Amino acid sequence: MFILFKKRGFSDYISDTFTFLKTFGKHFFKNYFIINGGFLLILSILLYFIFKVYFEVLFSASGAPQGSYFLQYFNDNFVLFIGSLSVFTILVIILSLVNVAYPILYLELVNKKNNNDFTTANIVSLLKQNTRKLLKFFLGTIFIIMPILIIVFGLLVLLCFVIIGFPLLLIAGPACISWVHLSLYTYLTEETTFFQALQNGFSLLKQQLWAIVGATFVVFMLIQIIQSFLTMIPYFIGIAVFLISGSTSNWNTQAESSLSIFLSIFFIFAILLSYFFNNLVVINQGIIYYSLREENENLTTISEIDLIGTHDE
């Protein structure tokens with residue numbers, strides 16, 4: 001049985017993330033695709049048409065003055081462009097909120113039931129219960145957290161001119177990722193306000209700063225390496241095929257159309273992978289969150305004492 005409330009260190013944060021996936025992975029991703037599959041499908045279709053049109057316009061504009069063809073195209077299709085962009089933005093917001101909330105609420109159900117003996121309906125019900133909180137956190141992120149992070153990272157970029165900014169960026173990046181996730185875990189799983197959740201998340205981060213930053217950095221880099229490997233192989237194969245075919249025949253409209261389709265599919269695949277792998281980051285932050293709570297509250301020890309009292313009876 002996987003134990004969420006357990007005191008952990010740097011290496012445990014990483015290893016237990018993959019242990020969790022090994023234990024609950026099949027059930028986790030089955031429900032993930034049931035809940036997010038519809039959103040991902042609609043997003044893929046919308047992205048396909050957006051990318052396909054963009055690349056076709058790009059190829060068609062190759063012989064025109066720079067920028068003029070694009071401007072004319074978007075002026076002629078202004079309503080369609082704005083409508084598609086609006087639908088796309090709303091869909092991305094909804095999918096991103098559900099995508100980041102799903103692992104948090106999944107871990108919360110694992111915590112409550114001590115196993116994965118729950119259904120998709122249980123997860124959806126918990127998502128509905130937390131819809132208002134998710135929207136509040138999203139708005140708080142846009143109007144409060146993002147301006148703070150922009151200022152912080154702006155200063156760090158300026159410090160890069162005196163070298164010290166580079167190591168500070170490597171620390172600040174994972175630290176900010178962890179702070180936001182720990183705050184969201186606190187906000188969705190505990191009875192607290194938005195600002196109290198931010199404060200609690202910051203306190204948890206400081207509790208084991210170097211272990212948390214290190215584990216977050218390692219997991220994030222592992223994900224980036226795997227994701228890059230999975231995306232670049234089909235990319236290079238596809239480009240090689242088009243270069244070979246282009247060297248033996250004249251480049252024509254059909255070839256441009258085929259290339260636009262390939263590039264569209266490639267970018268969609270890369271975006272879907274980023275949504276998929278984001279689960280690992282959130283799960284890793286969940287392992288950290290429950291470990292820090294155990295360190296502060298000793299919930300496992302209290303539970304074991306209660307069980308001893310039950311056996312004595």
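Hi everyone. Before we look around, some ground rules. The model is predicted, so local features need pLDDT of at least 70 and side-chain atom pairs count only at pLDDT 80 or more, while totals for chains, interfaces and linings use all residues. Residues are numbered from 1 along each chain as its sequence is written, and side-chain values use heavy atoms, with hydrogens and water left out.

Let's start with the overall picture. The protein has 10 helices and 0 strands. Here, helices are DSSP runs of H or I with at least four residues, strands are runs of E with at least two, and both are numbered from the N terminus. Of the 313 residues, 40% count as buried. Buried means under 20% relative accessible area, exposed means over 50%, and partly exposed is in between, with a 1.4 Å probe and protein chains only.

Now for contacts, meaning heavy atoms within 4.5 Å. Among the contacts with a separation of 6 or more, 77% are between residues 24 or more positions apart. The accessible surface comes to about 17,400 Å², and 70% of that belongs to carbon and sulfur atoms. Those areas come from the Shrake-Rupley method with a 1.4 Å probe, and for residues only the protein chains shown count as cover.

Next, please find helix α9, residues 253-297, and look for S264 in it. Is S264 buried or exposed? S264 has 0% relative accessibility, so it counts as buried. Setting aside neighbours within four places in sequence, S264 touches Y48, F51, K52 and F55.

On to the aromatic rings. Rings of Phe, Tyr and Trp (its six-membered ring) pair if their centres lie within 6.5 Å; planes under 30 degrees apart are stacked, over 60 edge-to-face, and the rest tilted. How many aromatic pairs does that rule give? The count is 25. Take F5 and Y290: their ring centres are 5.2 Å apart and their planes are at 90°, so this pair is edge-to-face. F5 lies in the segment before α1 (10-60) and Y290 in helix α9, so the pair ties together parts that are 285 residues apart in sequence. Both partners are tucked away: F5 counts as buried because its relative accessibility is 11%, and Y290 counts as buried at 0%.

There is also a cluster linked by ring pairs, and its members include F2, F20, Y32, Y102, F118 and F276. One more ring to point at is that of Y187, where the charged end of K133 sits over the ring, 5.2 Å from its centre. For that label, NZ of Lys or CZ of Arg must be within 6 Å of the ring centre and within 35 degrees of the ring normal.

Now the charges. Side chains of opposite charge can pair when their charged atoms come close. A salt bridge here is a side-chain nitrogen of Lys or Arg within 4 Å of a carboxyl oxygen of Asp or Glu, and the model has 3 salt bridges. Which residues form a network of them? K6, R8 and D16 do. D16 meets K6 at 3.7 Å, N to O. D16 lies in helix α1 and K6 in the segment before α1, so this pair ties together parts that are 10 residues apart in sequence. D16 also meets R8, at 2.5 Å, N to O. D16 counts as buried because its relative accessibility is 8%, and R8 is buried at 5%, whereas K6, at 35%, is partly exposed.

R293 and E297 are 4 residues apart, about one turn of the helix. R293 counts as buried at 14%, and E297 as partly exposed at 34%.

Finally, the surface. I151, L155, L158, L159, F161, V162, I164 and L168 form a nonpolar patch with about 810 Å² of accessible area together. Patches are made of residues with over 30% relative accessible area and no salt bridge, joining like charges within 9 Å and nonpolar side chains (Val, Leu, Ile, Met, Phe, Trp, Tyr) within 5 Å. Helix α5, residues 131-159, gives the largest share of the patch, 4 residues. V162 sits in the loop between α5 and α6 (165-189), and at 54% relative accessibility V162 counts as exposed.
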